[in-house]
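Please read it with the sequence and the structure side by side.

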Amino acid sequence: MSKKVLVLAETREGALRNVSFEAIAAAKQIAGGGEVVAVLLGDSVSEFGAELVNYGADRVITVEHPHLKSYTSDGYGQAFMAVIEQESPEGIVFGHTAVGKDLSPKIASKLQAGLVSDVTAIEGEGDGAVFVRPIYSGKAFEKKTIKEGITFVTIRPNNIAPLAREERSGDVSSLSVDITNLRTIIRNVVRKSAEGVDLSEAKVIVAGGRGVKSADGFAPLQELANLLGGAVGASRGACDADYVDYSLQIGQTGKVVTPDLYIAAGISGAIQHLAGMSNSKVIVAINKDPEANIFKVADYGIVGDLFEVVPMLTEEFRKVM
Amino acid sequence: MNIYVLVKRTFDTEEKLVISNGKIQEDGAEFIINPYDEYAIEEAITVRDAHGGEVTVITIGGEEAEKQLRTALAMGADKAVLINTEDDLEEMDQYTTAYILAEYLKDKDADLILAGNVAIDGGSGQVGPRVADLLGINYVTTITDLQIEGTAVKIVRDIEGDAEELETSLPLLVTAQQGLNEPRYPSLPGIMKAKKKPLEEVEIDDLDIEEDDVEPKTETLEIYMPPKKAAGRILEGDLSTQVSDLVGLLRNEAKVI
């Protein structure tokens, strides 16, 4: 049976997030020939509707309200439930993002529905769809299905390929929702993530460990990351030593990332760190210690001083890019 | 203040994982309190010490989870509750877990409920917000700072690396993110005292729950290890050769740049 599937599309810093295009592709697969309807919530978001259609949404519904300017689970919850009421979907896909992680359990609870979180691959389609997700911090995987009710999943950014963008046409309509009784008031957001590249969505990550030795030591890593359009991350050791903020920590406690390219500089490769990055597509390790554990998961390794190697690498990339 | 902490006993992922007959082998493995739940316990104790009241830690599981509850009591929690589902429930999922916890909590008048933002085994992060929704109270996830004055609450939460400052009020459920605090180790006197602290055991029958109410909505078909990666390649030659080789390999062989 084909399904009608809703996708929560997200914007960040005035642009649609990649994960929203990936979510549309996932929704297509779950829909099994059914309709994919993207949902945009915010204070002014209708301009993004057409692009969601270009990435494969059949239709777009926008809910605009001043109370949706910042995400709150109450505001977004009321708006999304109103869309569900109007559309009666058989499937829902969110990105496994800060918003998706926070909102999806609430919606699932209201629908008394099962929810498969943090999906990295979908096998089969329509009613036969099976969801693959990492467990034990990526040391194992499980395949899950939803036994009854709505098919509700969140997908991990950077794992499911979006559809090719092409100029398409589809209806973009707005729904007016009364949003009341917000129990949370957002006062301020302090930007800590550098250069606007989100660690969880970055295609390239340059990560440093204790071997970076100081906060200043991260400068050459940042330079390489900037050149490659990537983000800087860190091991727990580097965060504990206060070289960088905990928001950059990759590992079992910290973020789990799956970039196309992960460059680990001065990281020994403790299990705690490997749990957060070992599913990256290509791993490069740079470490002085040839016995370092990180070389066991690396595709390519250079035994050497990161303060020599990283700037040379930046230079070399600059020549060819 | 009436404070509850939702705790999960988890496989220590520093351990080597072995799968046989489609199940994670638990024999002889070390189990711990989910690390994010430790932040929640620590914060609960801190809030109680500042505002008075009582901290109750709750877990769902079998007899063996008593060990993690005793650890939480040794850290400084006042009471513990084990909801023992061992004999009643074969399969559970986040829907089930949240339902049971909410049934237990619904008449407890909790002012503040804390949990970890995610468990390092299942990794879904659903249970906290689901429980809050079932109880009809507000929730804030991945918090890194908590200030309470009367019923007014100021929170800083981590949103993908950025820090969001917000205000809300009790009653409230929060989930802990790393950076919230440094969980204390149980002291020796703490461990001695914990042995005498109350640990209540309840079963599904003691709660207002029919077994049909807690049928899981999802099903696990298979658990498996990721395919082993082929051994990597350590580059050779002088450093500048290695660096230019690496750039070539990333562009032409791995095709990631």
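## Salt bridges and the contact between chains

Arg156(A) and Asp118(A) are both buried, where buried means under 20% relative accessible area, exposed over 50% and partly exposed in between, with a 1.4 Å probe and protein chains only. The side chains of Arg156(A) and Asp118(A) meet in a salt bridge of 2.8 Å, N to O, a term that stands for a side-chain nitrogen of Lys or Arg within 4 Å of a carboxyl oxygen of Asp or Glu. Arg156(A) lies in the loop between strand E11 (151-155) and strand E12 (171-174) of chain A, and Asp118(A) in strand E7 (residues 116-119) of chain A, so the pair ties together parts that are 38 residues apart in sequence. Helices (H or I, at least four residues) and strands (E, at least two) are DSSP runs, numbered from the N terminus.

This is a predicted model, in which local features need pLDDT of at least 70 and side-chain atom pairs count only at pLDDT 80 or more, while totals for chains, interfaces and linings use all residues. Residues are numbered from 1 along each chain as its sequence is written, chains are lettered from A and ligands numbered from 1 in the order in which they are written, and side-chain values use heavy atoms, with hydrogens and water left out.

Over all chains, a search of the whole structure finds 44 salt bridges, including those in the table.

| Salt bridge | N to O distance |
|---|---|
| Glu223(A) and Arg318(A) | 3.4 Å |
| Asp121(B) and Lys8(B) | 3.1 Å |
| Lys217(B) and Glu148(A) | 3.0 Å |

Asp121(B) counts as buried, at 9% relative accessibility, whereas Lys8(B) is partly exposed, with a relative accessible area of 36%.

Turning to the two chains together, 74 residues of chain B are in contact (heavy atoms within 4.5 Å) with 86 residues of chain A. The area buried between chain B and chain A is about 7100 Å², of which carbon and sulfur atoms give 53%; buried area is the accessible area (1.4 Å probe) that two parts lose on being put together, summed over both. Between chain B and chain A the count is 10 salt bridges. Helix H6 (residues 239-253) of chain B, with 11 residues, gives the most to the side of chain B that touches chain A.

Strand E13 (residues 185-190) of chain A and strand E11 (residues 162-169) of chain B pair in the antiparallel sense over five bridges, pairing being called when DSSP finds at least two bridges between two strands. Within this pairing, Val189(A) stands opposite Glu164(B) in E11(B).
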